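Here's a quick tour of a protein model, made for someone just getting started. Keep the 3D view open and click along as you read.

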Amino acid sequence: MWLIVVVAAFVVCTYWGWRQHKRYTWQLLRQGKRTTGVVIANEKTNDYDASSDPVWCPIVAFDDHNGKRIVAKPKLSANKMMRVGQEVPVAYFAHDPQVMRICTLRFILEPLLGNFLILILLTSFLAVLFFTDSGFTEETQLKDTGMLVYLLLHVALLFAAVVIRVLTHYALRPRKSVQSPYSLNQYDISMLLGGPKRVVETAFACLAHAGTVTLHPGVTPEIRPERDARPPKDAVQRQILHLLPHHPNGIRLASAFAHTEVAAGLRHKLVSAGLRTPERRRYVIGERFTQAVFFLALLITFQRQWVHYLTHGGEILPFLFLDVLLTVLAMLAFMRRFPVTKTGREIKLTHDISTVLKLRENDESLIWHEYVHSASLQDLRDRPEPPAVPPPSWDEQVRRVTATMSVRAEEWSIESAWLSSPTVMVPLHGWKGYRDRQRKPVGLRFWSAVPGNKGRIQKPDNAKWTPKQHRRQAHLHQFGATACAVIAVASPLVLCFRQSVEQILYGPLFLICGFVGARLATQAKKHRVAALPYQPNIARRPDAPHPLYLRSFAADSRLERPAPRQQIKTALLGSRASYIEELAHVAHGFGQLVAIGDPRDSLPGLGPAQYLVLPDPDRDRSPDRLERWQSDVLRFMDNAPLVVIAAGRGRGLLWEFRQATSRLPPRRLVVLVSLNRKEYAGFRDEAGALFHHGLPRDTREHDEHGLVDHALIYFDADWTPHFVAFARHPMLQLYRGRLAFRLSVRRYRNQLAHALYPVFRVHQVRWPGFEMSVPFGLADRHLLIHGTSLGRFGVYFGLTGVLIAFLVSWLT
């Protein structure tokens, strides 16, 4: 069977490579038009880290035969970082200039030789399988023939599922086409992009701008109708004002508005325009039914193959792998091509609007895009980077959005009148796109379901799970994590008893189950914390003496990753295995570690107790006035016995570093470095001036895998910095006349404990390990002795025992 799989893969790869080079090499060189382009940037095509080199692809700008500026990447490229501003020969198709290639010898031969090498490797592997006698006997081939019949049965069932999906798509598609032209106003766009809640936000923005209601952030009620104001003529606004006294929360108000006749009229208009399917149960049933048909085909095939395997034996794992692969490919290919609950117009319009908004939200990309398309090729060669311009104001951003949408208003059938309204950003971005008459954002607790820092930390826009539901989710996630861990542990055991080519799949299965299990266990821990009526030991007052942990919210995903080779233990036991959890445990001698919670997260973070800061009602009203989160950070910082700040980039994080260096004694500050060497160099250049003696250089070295571990920086009383790189397995250290000993039972906890030992000594806090005074080593020299991990020690101990037993038996 494996011979059939490899032959099929060989044929597919060969055909794919031939098609690529036929279209992107021979046809381009023979039929394409030639011109000269300029390299304007180099783009990384892989996720670069310290363990691998980046793969570069140049971005080239050139003028086609019609004089239109084209910016494209070559379809087949060499891994080479080209000089920005370099002129290169280019070949492109006249009908599709985005399909282009760089016509240099390296960029033509390197992809061809790479694919040829892959073809040789596949051919060699195929030859090894073909000439190997084990696993390909006549008896095995007869057994696999029955499995192959069921594989063909699965293909037939998948074809039937695809046919059912296509028939369901056409049967449930609205039969009546739009007879009269339609135009979409701001409420139609709001309903299309954000549902009833976005409609309510748009209505309140219009009412506040007209003076019908007034906004009072932080004061109950925050939205108050004006008694002397004229009643609005708009039906949506009248309905919202009618519901406002009975629903003081925005989420409940949106839920009540969704069941009104006005909302039904908006939905009916979208249905008539072909931008929404009717809200009928048959569409949902059709979607669920067609999904179930694909899984039913997989289940039937699996049942028949399992019965055949128990009866006649043979190999089953490669067939199951092909069954799952074919099912996933069929679902991905046809379920999006033939939607049931969404129309084609809806998908296209929402995608076009989101594409325009993403381009307009990124100012640097927009400036670069406009410069590349407006400058001449000579200017791009001489000065590839755009001239520095100040960041656009809010009015400039609104002007860009309205200008772009006005150009495509006729294509999208959008009314152009509301595009000139000051509230044009609310239908597109929600309430965060609203600005008052002073162009300042208005934060309201009206849209938040968090009453305060008491109780669970929940996402304001999605706070709808009860503690019982959180506990249920925690049990489900932990069950899935345990199941993945059991499968991962059983894979090597099965590998010992299987003597076939089938065993090569157990390695990827072990890695995938370990990763998924660790992820599920992490989510289970978060759900268990969210299920508590009150967070344990949560800091309810910012002036409480708790150690403080500050970081950029973007660093949470990096610091919450499990330790290497700890995924199975995390999935099976749910134990602490991330840096942030171990940091909270090690710093427990200073008190309960507290961090500012991310209000965008629906679940609390791992490790420190989360303190949620509510939206500031007076945000950006005065440049000299601190925001609410800044005031809470300063109160925490002034009373904290220890402040740990994770190195990173960002305006808010730099403000925290500036305040820490100006308000704290040097020995109360620790900088946690979770960046790689290149990122730390950028952070050192940006934030080094905030420290009295700057920041130290990076002394970390790459390990055998090409990776660098984390580090931390602590300071003496005169702000002299000390860079401490985490050792792989620290065991014993000598520091100022004291020996500190701690075994590497938990790798991350041991690294943090040994790196923070000087900080514990200075603050006279009990260190989580064994220490004793010695009459030597009284100087400031810091001596560290490395050990080994507990698992490696167990392997060495076991091998030594086996060797001793063998020698004893041989000698006797």
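Let's start with a residue out in the open: Gln764 has a relative accessibility of 74%, so it counts as exposed, the cut-off being over 50%. Keep in mind that this is a predicted model.

- Gln764 isn't a glycine, yet its phi is positive, at about 55°.
- You'll find Gln764 in the loop that runs between helix H25 (757–763) and strand S17 (770–773).
- Trp719 also has a positive phi, about 70°, and it is not a glycine either.
- Trp719 sits in a loop too, between strand S13 (711–715) and strand S14 (721–725).
- Is Trp719 buried or exposed? Its relative accessible area is 9%, and under 20% means buried, so Trp719 is buried.

**Aromatic rings**

- How many aromatic pairs does a search of the whole structure find? The search turns up 15 of them.
- To describe a pair of rings, you give the distance of the centres and the angle of the planes.
- Take Phe62 and Tyr92: their ring centres are 5.2 Å apart and their planes sit at 35°, so this pair is tilted.
- That pair ties together distant parts of the chain, with Phe62 in strand S2 (residues 56–63) and Tyr92 in strand S4 (residues 87–92), 30 residues apart.
- Both Phe62 and Tyr92 are buried.
- Now try Trp431 and Tyr434, an aromatic pair with 4.9 Å from centre to centre and 25° between the planes, which makes it stacked.
- Trp431 and Tyr434 are both buried as well.

- For two packed helices, the description uses the angle between their axes and the distance between the axes.
- Helix H5 (residues 235–243) and helix H6 (residues 250–257) have axes that come within 10 Å and cross at roughly 125°.
- That angle makes H5 oblique to H6.
- The crossing of H5 past H6 is right-handed.
- Which residues meet where H5 and H6 touch? On the H5 side they are Val236, Gln239, Ile240 and Leu243, and on the H6 side Leu253, Ala256 and Phe257.

Key. Residues numbered from 1 in each chain as written. Predicted model: local features only at pLDDT ≥ 70, side-chain atom pairs only at ≥ 80, totals over all residues. Heavy atoms only, no water. Phe/Tyr/Trp six-rings, centres within 6.5 Å; stacked < 30°, edge-to-face > 60°. Helix = DSSP H or I, 4+ residues; strand = E, 2+ residues; numbered from the N terminus. Buried < 20%, exposed > 50% of the residue type's maximum accessible area, 1.4 Å probe, protein only. Axes fitted to C-alpha atoms, helices over the stretch in contact; angles between N-to-C directions. Parallel < 35°, antiparallel > 145°, perpendicular 65-115°, else oblique. Left-handed = near helix turned anticlockwise from the far one by under 90°. Contact = heavy atoms within 4.5 Å.
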